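Here is a short walk through one protein model, written for someone who likes to look at side chains. Keep the viewer open and follow along.

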Amino acid sequence: MTETFDIAIVGGGMVGASLAVALAPLGLKVALIEAIAHNSAAQPSFDERTTALSNGSRRILETLGVWPGVSSLATPIRKIHISDQGRFGFARIDAAEQGLPAMGYVVPNRALGAALWSRLQASVNVRIYCPAEVSHVLDGEHAVRLEIAARDAAAAIETSLVVAADGAQSAVRSAFGVDAESRDYEQTAVITTVLPQRFHDHVAYERFTGSGPMALLPLDGGRCTLVLTLDRAMAESAMAWSDVQFLAEVQRRFGFRLGRFLQVGRRVPYPLSLTRATRTSAKRCVIVGNAAQGLHPVAGMGFNLGLRDVASLAELVAERRHEPRFDAGAASLLSDYDAWRAADRGGVIAFTDGLVRMFANPLSVVRRLRNAGLLAFDLLPPAKAALSRLSTGAGGGARIPKLARGVALQ
C-alpha cells in the first residue's frame, strides 16, 4: 500500500531539515528524504564549515526550539570590518550602534545539523527516509508519486506537495522541468580555521583582494574561520602549500590587524558559482535553499536566505491548513510563495553578485570609486541600517516571516 503525505521534502541538509522542523508541530504528515545521514563524515551540509547566522535566522531557530542546542557553540559577531587591499577605504558596522547585542552569530555546521536532527528524530509527524534517494518522480493532477530507493528496500509515496531542497544541482528541480541559470565565477573558496596572535574581539573581517575576497569569522578560543577566495589555478597550488607557506600568503593579504597567524587547520576547497532557478515553484513543487539559489559566500547570505524560504513556506502552510479540503500543493499557495519570496530573493542575489563583480574589476577608476564608496558607507549610518535590513530580509519593506519575528506558527 502506498503511504500518503501532505508534504515531502527531498534533501535533509540545513534548509530541508529546518523546514521539516518548522512543519512538524502543524499536525501534517511530512516525509523527509535524505541520501546521507546527518552525522556521517560524507554529509556535505554538516561538515567542518561554519555558518554566519543573521539575527533573523537566530530568531527563526530560537522560535523552532533549535537554538538552545547550538547557542553554547555560537560565537557572536559584535562588529564587521570591510576593507579593500591596497586602498585606504574601509567600512565598519558596529552592533552597538545599531542597538543590537550582535550583528550575527557564527555556528559550526555540524552542531547545527545535530540540533536540527535531534528535533526531527523526536517528532511523530515526520517520517524520515535516510539513507534514501528519489529514483523517479511522477506528477499527477492531485498528487505526486515519488519512488524511493533505500539501501535495503524500495518504497513509493504520494504527496500533495514536493519541496526541492536537494542543493544547487537539484535533481528534483530538473524532474519538474525547472531550469537553472549558472555563472561560474572561476574561483575556489579555500576554507579552514586559523589561530591569530591577537584575540579577534568578536570582529568579522571581509577583505577584498586582487584575486578575490577573504573573510575571517570569529570562533571560540580565539580562532577564526578563514574563507580565502582564489582563482582556480592558485587555489590548486594553495592546497599543496605547506602550513608555513599558506599562512604567509594569508598574512600578506590580510596584514597584521590580528598580529601573526600562528596555526592553520585542514584546508578544504569549494568551487564557486551563482546558480539561480528560473522559477521558485512548479506544479505541486516548491524550490528552496540552494536548489532555488546558490550564492557566492562573499556576504554570508546563502543559508540565511534559504532559512527565510523555509519560514515563508511554513507560514503559508500554517495559515491554510485549517481550510476545508486543505491542499498543500494548491496553485494559489505556490503563487503566494513565489510572490512573497521574489523581492527578498532578487535583492540578495543582485547584491551578492554585484559585490563579487565590483570588487573583481581591475580598472583603476572602479577601484577608486569602490574605495570612495567604502568611505562613504562608513560615514553614513542609514546605509549601514539598510544593509542590516537587507541581510534579514526586510529590505524595501518586505514582509518578514512570523518565525523571524519570534512568533510561533499555529
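Over which residues does pLDDT stay under 50? That stretch is residues 361-384, for which the model has 38 contacts beyond four places in sequence. Here pLDDT is the predictor's confidence in each residue, from 0 to 100, and contact means heavy atoms within 4.5 Å. Where pLDDT is low, the predicted coordinates should not be read in detail.

This is a predicted model, in which local features need pLDDT of at least 70 and side-chain atom pairs count only at pLDDT 80 or more, while totals for chains, interfaces and linings use all residues. Residues are numbered from 1 along each chain as its sequence is written, and side-chain values use heavy atoms, with hydrogens and water left out.

**The whole protein**

The average pLDDT is 87, and 87% of the residues score at least 70. The secondary structure comes to ten helices and 20 strands; these are DSSP runs numbered from the N terminus, with helices being H or I of at least four residues and strands E of at least two. Of the 410 residues, 53% are buried, where buried means under 20% relative accessible area, exposed over 50%, and partly exposed in between (1.4 Å probe, protein chains only). Among contacts between residues at least 6 apart in sequence, 73% join residues at least 24 apart.

**Aromatic rings**

The structure holds four aromatic pairs. Rings of Phe, Tyr and Trp (its six-membered ring) pair if their centres lie within 6.5 Å; planes under 30 degrees apart count as stacked, over 60 as edge-to-face and the rest as tilted. Two of the pairs are set out here.

| Pair | Centre to centre | Angle of planes | Type |
|---|---|---|---|
| Phe-5 and Tyr-129 | 6.5 Å | 75° | edge-to-face |
| Tyr-205 and Phe-254 | 5.2 Å | 90° | edge-to-face |

Phe-5 belongs to strand S1 (residues 3-10) and Tyr-129 to strand S8 (residues 126-129), so their pairing ties together parts that are 124 residues apart in sequence. Both Phe-5 and Tyr-129 are buried. Tyr-205 sits in strand S13 (residues 203-209) and Phe-254 in helix H6 (residues 243-254), so this pair ties together parts 49 residues apart in sequence.

Helix H2 (residues 55-63) has Asn-55, Gly-56, Ser-57, Arg-58, Ile-60 and Leu-61 as its buried residues. Their cover includes strand S3 (50-54), strand S7 (104-108), H3 and helix H7 (302-320). After H2 comes Gly-65, whose phi is positive, near 80°.

In H3 itself, the buried residues include Leu-112, Leu-116, Trp-117 and Leu-120.

Gly-222 is found in the loop between strand S14 (212-218) and strand S15 (224-231). Is Gly-222 buried or exposed? Gly-222 is buried, with a relative accessible area of 9%. Not counting residues up to four places away in sequence, Gly-222 touches Leu-195, Pro-196, Phe-199 and His-200.
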